[in-house]
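Student: Could you take me through one part of this structure closely? I would like to look at the side of one chain that touches its partner, and then at the packing behind it.

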Amino acid sequence: MRLPDTVTGSFLVALGAAAAYGGWLLPPVPGQPVGPNVFPLVIGTGLALCGLAIVFGIGHSFEEEEELIPLEDGQAAAAPRPQGKFHGLRALLPPALLLFYVVAADRLGFIITAAIMVYVTSTALGAKWRLALPLAALSPFAIHLIFGKLLRVPLPAGLLPAPW
Amino acid sequence: MLKTLLEAFALISTWEVIIAMFAASVYGLVIGSLPGLSATMATALLVPVTFYLSPIAAIATIVAASSMAIFSGDIPGALLRIPGTPASAAYADEAYAMTRKGQAELALGAGVWFSAVGGIAGVLSLMILAPPLAEIALSFSTFEYFWLALLGLMCATLVARSSPVKAIAGMFIGLLVSCIGIENPGGIPRFTFGITDLFGGIEPIPALVGVFAVAQVMRAMLTPEPPPLPRRKFGSIMAGQWLLTKKYHWQMTRGNIVGIIIGVLPGAGADMAAWVSYAMSKRFSKEREKFGTGHVEGLVEAGASNNASIASGWVPSLLFGIPGDTIAAIAIGVLYMKGLNPGPTLFTEKASSMYAIYLMFIIANILMIPLGIAMIRVAAYILLAPRSTVMPIIMLCCAVGSFAIGNNMFGVVTVAVFGVIGYVMEENGYPVAAMVLGIVMGTMVEQAFVTSLIKSDGSILPFFERPVAAILAAMAIGALLWPVMVWVWRRVKPVQTAAATSR
């Protein structure tokens with residue numbers, strides 16, 4: 001997901017300009033010189049200027065290159081796993097699962113949704129089913145016990161209500 | 001004074017507080033010791049739990065968990081060379097070099113001992129500094145608050161150890177996020193795009209959880225698993241610490257003082273304290289050549305420094321509601337929730353609660369010694385837990401915790417969105433801490449700014465007319481110009497050395 005500075009900088013210029021314009025459109029407080037419009041205007045302008053500076057590479061010399069930790073003797077190098085074309089997209093799995101929770105929790109209930117989330121995350125991080133399956137079966141109940149039972153968070157019951 | 005102290009004792013000697021503190025300590029130690037799970041994340045995930053506790057117990061959990069997590073970040077740093085928290089990163093290499101020399105006990109013992117000492121020094125500074133500063137703060141007007149908040153934001157960008165331009169951009173993004181909602185000078189919906197959930201604005205806590213926890217799970221998806229910890233038998237951990245204290249008492253004191261000063265500065269926290277102290281220790285050491293080869297001196301100073309900053313970081317939080325670092329930012333949220341609104345009057349009206357906070361800090365730091373030793377001994381087992389079991393649980397806590405904050409699903413959406421934002425920013429070198437402080441302080445900065453502008457009739461001059469405001473303004477602008485000066489200096493220096501060698 002490492003993007004060139006020109007891309008992120010240009011995005012910031014656009015975002016800043018949009019914010020400044022959006023702020024400018026807001027109505028002022030009657031009888032006052034300043035209102036809700038001033039702050040977005042200032043921030044948007046600042047953000048756009050920062051974006052411009054980033055596009056032109058100002059301040060780049062301050063960035064520290066990530067230090068690669070050299071392998072010690074006796075510490076075998078991990079074999080590079082074969083990386084598919086969509087390897088980078090795996091990073092999007094956690095937020096996708098959270099959105100899945102938002103959509104599904106009310107219908108399926110907390111226990112089932114949580115079990116699916118745990119199983120998928122665990123497998124994606126390289127766990128075998130022998131580890132992932134018991135984890136997915138037990139951890140939702142533990143979390144439900146802490147948050148639902150002890151702290152009284154109204155977790156949705158859905159298809160499979162918790163046994164307490 | 002004695003009466004308030006007794007009241008404070010009564011406040012904290014309830015079972016709820018004691019259990020909460022003990023549980024939070026263990027929790028902080030475990031989370032802090034797991035590589036990649038930072039002290040900030042430990043504290044953020046704790047917030048939903050604090051909803052259901054009494055005010056003092058809620059603050060007790062935050063105090064205990066954050067102090068412990070900062071120390072236990074040293075454990076994987078020393079044993080694996082992977083700092084558990086960013087605050088341990090400054091000296092992880094040094095500690096690891098000591099472990100390779102067979103001095104793991106000494107390194108970790110120094111971590112526990114000097115962390116505890118630093119923590120207690122930090123509390124003492126909090127007790128001594130806060131009341132007189134509160135006196136001064138009573139006369140602050142919106143101009144001073146504006147500059148103080150700006151100084152905090154600028155410090156946060158200086159700490160970032162990345163491109164200052166990107167850090168400032170991150171800060172602006174955070175401020176922009178804080179613009180969302182109807183809580184603005186005009187009371188009109190701003191940047192809500194007609195979405196009702198956005199009317200209330202973006203809650204800082206789900207945003208924090210997203211940026212620090214979800215983004216970390218996302219990163220784990222792409223990075224290889226850290227190596228397992230080699231099993232080892234530890235000798236006595238505290239042996240030799242007293243000798244070290246005597247030998248390096250000056251370094252320890254200097255570390256404490258630097259930590260306290262950096263903690264008090266709004267916007268700069270434990271990470272920066274550790275880096276600065278380690279660098280100072282190296283600069284002034286008599287045995288500079290030993291640094292990097294497993295020399296305990298830097299560990300003493302930096303370990304004493306980062307824990308001192310944790311406690312003194314509460315000074316700006318309690319006085320002005322301006323967080324010293326991201327952990328303090330969370331603490332402020334909890335303070336507001338529990339009716340202990342930060343401000344100078346807190347020290348007169350709720351004096352016993354303040355004393356209770358001091359006492360809890362002292363207890364947490366004393367508790368750190370036995371619990372820390374126990375933690376070092378069992379660390380090998382805890383670090384055996386594979387990421388594939390820890391991360392799914394973190395995910396569940398993110399979902400449930402963010403839901404619990406407002407009992408609505410929008411919190412979960414916020415966490416997911418900020419997870420992506422945090423991940424993308426971090427990958428591209430934009431420091432997220434600056435954004436987080438922007439989100440937390442945005443409303444306050446805007447209020448102070450707009451009120452000041454209305455008072456001054458749109459003129460900029462009154463921002464500099466009051467003496468304290470002028471000083472704070474000079475500091476804030478100095479912080480803004482600092483990177484420029486460094487850049488110029490770097491440009492000039494090679495020219496000079498080149499000239500010197502050519503002669």
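Tutor: The contact draws 66 residues from chain B and 63 residues from chain A, where two residues are in contact if their C-beta atoms, placed from the backbone, lie within 7 Å. On the chain B side, α9 (164-179), α10 (204-222), α19 (387-406), α20 (410-427) and α21 (432-455) each give at least two residues; helices here are DSSP runs of H or I, at least four residues long, numbered from the N terminus. The largest share, 13 residues, belongs to α19(B). By class, that side of chain B has 46 nonpolar, eleven polar and nine charged residues (Ala, Val, Leu, Ile, Met, Phe, Trp, Tyr, Cys and Pro are nonpolar, Asp, Glu, Lys and Arg charged, the others, Gly among them, polar).

Within chain B, α7 (residues 104-138) and α18 (residues 351-382) pack at about 175°, axes 9 Å apart; axes are lines fitted to C-alpha atoms over the stretch in contact, and angles run from 0 to 180 degrees between N-to-C directions. So α7(B) is roughly antiparallel to α18(B), a term for angles over 145 degrees. Their contact holds 15 nonpolar, four polar and no charged residues, including Leu108(B) and Val112(B) in α7(B) and Tyr358(B) and Phe361(B) in α18(B).

This is a predicted model, in which local features need pLDDT of at least 70, side-chain atom pairs count only at pLDDT 80 or more, and totals for chains, interfaces and linings use all residues. Residues are numbered from 1 along each chain as its sequence is written, with chains lettered from A and ligands numbered from 1 in the order written. Chain B averages a pLDDT (the predictor's confidence in each residue, from 0 to 100) of 83, and the model scores ipTM 0.86 and pTM 0.82.

Key. Parallel < 35°, antiparallel > 145°, perpendicular 65-115°, else oblique.
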